[in-house]
Amino acid sequence: MIETYILQNLVAFADSGTLVAASEIVNVTQPSLTRSLQKLEDILGVRLFDRTKNTISLNQTGRLAVDYARRILALQNEMENEVVDFYRRTREIKVASIAPAPLWHLTELFNKAVPKTKVTGNLCEENDRLFSDLEHDKAQVIITTENRADERFYAREFFEEHLKVFLPKSHNLAKKKSVSLSDLAGETFIMASALGFWTNVVKSKIPEAKFIEQDDITDLRDIINHSTLPAFVTDFTEKTGHLPVLEKSSRVAVSIRDEAVNVRFYAVCRVEMMRQLREVFSL
């Protein structure tokens, strides 16, 4: 059997034309390179080189061997890439996100791109924890509010999301075009319990506010429909119908001006998975 390194040495010699240059390409000593080429001749039982006292060159048979070596190495590289890609497409992919909406959206994209792959997701409130999970393979893809692309991580902008306060039309702020978080001081809000980093933002930046949290999204919709307490929506949840349709409700969504609640998300993976993530976003 012809070992891969022998074929690589043969191609390196063909590309460079000398033993010295070829040995530098494949990072082996010249005697080791010479022995590997002689071994190839022994395996095949033919002469591949014309030799003189000071030179060595490929003969016609050698040039044919080089053509096959190139094809074999290319096929081997294709095999490695395809097998790895197939494994990644058919295994479970864990997605961790700092907010629920981008997690829902990315899961949908993965389900369309690789329907046989099991995609699981979870929320995390801290960017540092997400990057730690990615680095230690606890998640294969993360969604964060920080772009930390480097030699380890591939990142691309995903989408923006803007938080709004969902007010009864009778509320004194309902006719405002926009409000600040400080304008909402002292209010009692109804909201989902699993909101990722949004929970910390509103709890830390709305003074003296109280929050009634609900786990089940269906129950949350019902409570909002029958309550006069403020709630929250985003431009994403408005479009996707995760809350009651605004035109048929007694509420209005008012934009919040604060930078902390107008957010750009990034999808990040390790560079080894870059090709697959790009394919998902190409749909």
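This short talk walks through a few charged and nonpolar spots in one protein model.

Hi everyone. Before we look around, please keep in mind that this is a predicted model, where local features need pLDDT of at least 70, side-chain atom pairs count only at pLDDT 80 or more, and totals for chains, interfaces and linings use all residues. Residues are numbered from 1 along each chain as its sequence is written, and side-chain values use heavy atoms, with hydrogens and water left out.

UniProt, in an unreviewed entry, places the feature "domain: HTH lysR-type" at residues 2-59. UniProt positions are given here in the numbering used for this model, with feature names shortened, and such annotations may be inferred rather than shown by experiment. Over residues 2-59, the chain is 62% helix and 10% strand, and the end C-alpha atoms sit 19 Å apart. When I say helix or strand, I mean DSSP runs numbered from the N terminus: H or I with at least four residues for helices, E with at least two for strands.

One of those strands is E2, residues 56-58, and serine 57 is in it. How far apart in space are serine 57 and glycine 17? Their C-alpha atoms are 7.4 Å apart, although 40 residues separate them in sequence. Serine 57 is partly exposed, because its relative accessibility is 36%. On that scale, buried means under 20% relative accessible area, exposed means over 50%, and partly exposed lies in between, with a 1.4 Å probe and protein chains only.

Now, salt bridges. Side chains of opposite charge can pair when their charged atoms come close. Here a salt bridge is a side-chain nitrogen of Lys or Arg within 4 Å of a carboxyl oxygen of Asp or Glu. The whole structure has 14 of them.

Arginine 70 is in helix H4 (residues 60-90) and aspartate 15 is in helix H1 (residues 4-16), so the pair ties together parts 55 residues apart in sequence. Are these two partners buried or exposed? Arginine 70 is partly exposed at 37%, while aspartate 15 counts as exposed at 51%.

Next, arginine 275 and glutamate 279 form a salt bridge at 3.6 Å between the closest N and O atoms. Both lie in helix H10 (residues 274-281), and because they are 4 residues apart, about one helical turn separates them.

Glutamate 146 and arginine 148 also meet in a salt bridge, 2.7 Å from N to O. Together with Asp128, they are linked in a network of salt bridges. Glutamate 146 is partly exposed at 30%, and so is arginine 148 at 27%.

Finally, two surface patches. Patches are made of residues with over 30% relative accessible area and no salt bridge; like charges are joined within 9 Å, and nonpolar side chains (Val, Leu, Ile, Met, Phe, Trp, Tyr) within 5 Å. Accessible areas come from the Shrake-Rupley method with a 1.4 Å probe, and for residues only the protein chains shown count as cover.

Which residues make the nonpolar surface patch of about 220 Å²? They are Ile43, Leu44 and Val46. Leucine 44 sits in helix H3 (residues 30-44) and is partly exposed at 41%.
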